[in-house]
Amino acid sequence: MAGSVEAAARRKATCFVEVGRREIGSSAARASSRRISGSEDIVMRMVRYGELRGHVGCVNTVSFNPAGDLLVSGSDDTNIILWDWFAKTKKLVYPSGHQENVFHARVMPFTDDSTIVTVAADGQVRVGELKEDGEVTTKQIGEHDSRVHKMALEPGSPYIFYTCGEDGLVQHFDLRSDTATKLFTCYSFSNSRRRVRLNSIAIDQRNPYYFSIGGSDEYARLYDMRRCHLNSSRSMNEPVDTFCPRHLIKGGKVHITGIAYSYAREILVSYNDELVYLFQNNMGLGPNPESAQPELLDKLEQPQAYSGHRNFRTVKGVSFFGPNDEYVVSGSDCGHVFIWKKKGGELMRMMKGDKNVVNCIEPHPLFPFMATSGIDKTVKIWTPEATEVMSLPERAKEIIDSNEWDREVDASRTLVTLSSDVLMHVLRLRRGQSELYREDEPSAADSASDDGEAFYIGFGDAEGNERENSDPRECIVT
């Protein structure tokens with residue numbers, strides 16, 4: 001107890017010191033704002049600012065426009081909604097043109113928020129053009145042979161983006177061209193005829209020539225765009241480096257659902273029914289990890305791991321949070337948003353974000369705000385408005401233990417027959433879990449008076465009332 005009080009005092013002191021520096025002019029306004037936004041005190045005051053209602057299906061994608069004043073969402077209902085999230089109102093709703101669940105939607109930069117690109121379970125890649133009179137036209141500009149989960153926008157470009165699909169194909173799109181460029185198809189290292197079904201693609205913001213992909217095996221692959229050519233030889237399409245925790249190499253039992261880059265060029269990777277890992281540039285296994293020598297593996301530093309959540313039921317994203325990527329954020333099957341310190345992996349927050357599963361985490365591009373979504377038909381907005389520092393939920397340990405038990409039980413299903421006493425223990429945990437998930441995260445309105453806080457993939461093998469006038473200044477089911 002004394003330790004938590006001391007930690008809270010240090011967090012508050014850090015904010016006060018930074019405000020003091022700014023007041024006396026010893027800290028530049030922008031630098032001061034960034035330091036305050038990344039402080040622990042800000043993270044510990046995050047609460048639900050609002051809930052955006054408008055979709056009639058699971059919300060599989062949320063993303064802010066570059067200015068951060070608008071939010072775009074896509075859903076199983078195949079509609080795209082453009083939100084004024086601050087006012088908690090819809091600005092525009094239009095049919096995407098997709099025939100199946102929309103998995104990702106992004107506003108292209110430097111287009112005056114008039115160009116929105118989308119991908120979906122139907123394999124189509126589409127673009128929506130918003131006219132000044134409110135009319136929206138959509139058209140298909142490309143396709144994959146299977147579902148497409150993610151796109152990656154080239155930083156600063158209003159035209160260029162990349163897609164990856166479960167067909168293993170990576171494509172380059174330029175909105176000024178009528179056709180897409182098929183860069184390469186990703187194949188397994190252990191079986192050159194087996195395609196890797198891709199879930200995620202991310203571009204290095206500091207060096208856009210580099211991008212990483214992940215999918216139905218354990219390896220995050222790093223590519224150099226300059227080496228990817230249409231109709232090039234197979235060797236030219238090999239990655240320049242690969243990343244994987246040592247204990248998962250050649251395991252064949254996990255796959256990747258999400259990848260993100262930090263501004264320091266670190267690679268964050270979320271594994272299905274495993275943990276989240278942070279890789280530095282010097283942790284690579286080389287172009288072919290399965291031929292890496294044991295001496296190399298013994299010398300490699302191991303990645304930072306982030307645990308407590310569970311990523312099994314859906315294709316979940318992962319992200320950094322904070323102006324200098326001070327934190328790591330993920331959704332979980334238990335319906336909570338998990339926030340860890342990037343350095344050291346300490347769990348800071350567990351915020352109730354969905355009655356079932358949180359899939360999508362989208363940090364605001366400028367301020368310490370966040371949007372999340374999942375199985376529910378709503379989008380949640382989070383801001384640091386709590387008047388008191390929030391702590392982990394009272395039953396956080398039970399939730400984390402339940403996540404771990406579920407993971408262990410599912411991992412052992414094909415290996416052993418569970419004894420009756422173990423089965424009874426699991427049933428008790430699940431019974432307790434149903435009670436835990438009914439607990440709601442306090443909204444901004446509650447925080448002053450409350451200090452506390454199916455689709456399974458395997459790749460083949462009552463919230464409180466919300467403040468109306470406050471100023472914060474996947475389900476991928478087919």
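A residue counts as buried when its relative accessible area is under 20%.

**Figure 1. Welcome to the whole protein chain, shown here as a predicted model.** With that cut-off in hand, 56% of the 478 residues of the protein chain count as buried. The chain exposes about 21200 Å², and carbon and sulfur atoms supply 48% of that area. As you look around, you can find six helices and 28 strands.

**Figure 2. Here is an open sheet made of four strands.** Going across the sheet, the order is β1-β28-β27-β26, with antiparallel pairing. Strands β1 (47–53) and β26 (358–363) each have a single partner strand, so one side of each is left without a neighbour in the sheet. On average, neighbouring strands of this sheet are turned by 25 degrees against each other, direction ignored.

**Figure 3. Now take a closer look at β1 beside its partner, β28.** Strand β28 covers residues 378–383 and pairs with β1 in the antiparallel sense, over six bridges. To get your bearings, find Val 47, which stands opposite Thr 383 in β28.

**Figure 4. This view turns to the largest cavity, which holds about 60 Å³ of space.** Its lining includes Cys 244, Pro 245, Arg 246 and Ile 249. Phe 279, Met 283 and Leu 285 also line this cavity, as do Leu 297, Leu 300, Glu 301, Gln 302 and Pro 303. Which classes of residue make up the lining of the largest cavity? By class, there are nine nonpolar residues, one polar residue and two charged residues.

Key
Residues numbered from 1 in each chain as written. Predicted model: local features only at pLDDT ≥ 70, side-chain atom pairs only at ≥ 80, totals over all residues. Heavy atoms only, no water. 1 Å grid on protein atoms, 1.4 Å probe; cavity = no way out; pocket = protein on both sides within 12 Å on 5 of 7 lines; lining within 4 Å. Points joined across faces, edges and corners; volume = space filled by probe spheres on them. Nonpolar A, V, L, I, M, F, W, Y, C, P; charged D, E, K, R; others polar. Pairing = 2+ DSSP bridges. Helix = DSSP H or I, 4+ residues; strand = E, 2+ residues; numbered from the N terminus. Axes fitted to C-alpha atoms, helices over the stretch in contact; angles between N-to-C directions. Buried < 20%, exposed > 50% of the residue type's maximum accessible area, 1.4 Å probe, protein only. Areas by Shrake-Rupley, 256 points an atom, 1.4 Å probe, with all protein chains shown as cover.
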